[in-house]
Amino acid sequence: MSRVLLFTGKGGVGKTTCAAATALACAQRGQRTLVLSTDPAHSLADAVDRPLGPEPQEIAPKLDAMEVDLYYSMRKYWGNMRELVRSVLRFQGADAIAAEELAALPGMGEGSALLWLDEFYRSGEYDVIVLDAAPTGETLTLLTLPQVTQWWLQKAFPLQKQAIKTVGFAVRKTTGVPLDRGYEELDTLFGRLEVVQEVLQNPEVTSARLVMNPERMVIQEAKRAYTYLQLYGYGVDAAVVNRVLPEEAGGVMEAYVEAQAGYLDEIRSSFAPLPVLTVPHLGREVFGLDLLAQIASGLYADRDPAAVYHAEPSYKVDNQGDAYIVALRVPGAEPGDVEAEQFGDGLVVNVGNQRRNVTLPAFLAYYRLAEAAVAEGWLRVRFEPEA
């Protein structure tokens, strides 16, 4: 069974570097490893300092790398499905150019990544698959793709399934356009997306790692990502803080280092009980396998980079009638030790003399905090609709 590691974070924080360094460290420990870029920006080739293509290629012993290409994937695997979408759009009145552009379904780039992942996971060819995911927002699109795409297709294809297949067969016989086969590809697509989603939501197989820098705006986005990943049922096993300057750095960087210490404290508090892994700033642009090996050494030391660092969920949201219950892990806390207060879509939790800021799902800004109670190491906060 392959291990899957998904790296995400705000654009520019160095997630590609951390993903590539992790993949290299796994390979150097003897694990057959693939690092797969799903980021349309495709900076993985720059990080490993090697040209990469849309199929896996070896860049080091036991290490393969590839960058997902949407149109290559569609030509290779989903030509009939693309023809189906294009033909239906033309039938519904779209002009030729618009139909060609729209034939790439919404989310199909992300879907290509999931289908490649499904292929490699089922093959058992790799011990570790490292996903260099797109920036946070696109990653959430990736992980919610099966539901989103099904909704889109219900709007695009109002006909019954059997009707499409019957008409499609007739169209293929007369025009050669394989609409019925395209619909079969859609059926297969949804089946595979559902299977790979189960793989991604299995904490024994897949772990997301949130990459950030010790900077205010970056930390806020990482908090939101942490909230939503857990909300959708995806396990996060570590927070990775990249480009940490040494404490002795002085001169023009003195004020930055001082602020950095406060942000590191905030990260450890906000993401507890996740382990926080730090990556020292190398003082130079990172590209090439030698520098990636240095990053990996600072990030993991003697630890197995493919290990599960944290498996227990620390954040849950459950529906209870018209209300929602937000549950937060507060290990060791007693009922009288914890206070909670809501500010819009934020929750401030005081545990003893420690304060923790928790990002809530955005829709809870329209609800009010009704009660909060601690039991068995969990803080349960009840939100009710505003009167």
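**Briefing on the predicted model**

Threonine 359 is buried, since its relative accessible area is 13%, where buried means under 20% relative accessible area, exposed over 50% and partly exposed in between, with a 1.4 Å probe and protein chains only. This is a predicted model, in which local features need pLDDT of at least 70, side-chain atom pairs count only at pLDDT 80 or more, and totals for chains, interfaces and linings use all residues. Residues are numbered from 1 along each chain as its sequence is written, and side-chain values use heavy atoms, with hydrogens and water left out.

**Confidence**
- The average pLDDT (the predictor's confidence in each residue, from 0 to 100) is 82 for the chain, and 79% of the residues score at least 70.
- Over residues 162–177 pLDDT stays under 50, and the model has 20 contacts beyond four places in sequence for this stretch.
- Where pLDDT is low, the predicted coordinates should not be read in detail.

**Threonine 359 and the strands**
- Threonine 359 lies in strand β13, residues 354–359, strands being DSSP runs of E with at least two residues and helices runs of H or I with at least four, numbered from the N terminus.
- Beyond its neighbours within four places in sequence, threonine 359 contacts (heavy atoms within 4.5 Å) Lys223, Arg224, Thr227, Tyr315 and Asp345.
- Strands β12 and β13 pair antiparallel over six bridges, pairing requiring that DSSP finds at least two bridges between two strands, and valine 349 stands opposite arginine 356 in β13.

**Cysteines**
- Cysteine 18 is buried at 0% relative accessibility, and cysteine 26 is buried with a relative accessible area of 0%.
- The whole structure holds zero disulfides, a disulfide being a pair of cysteine sulfur atoms within 2.5 Å.
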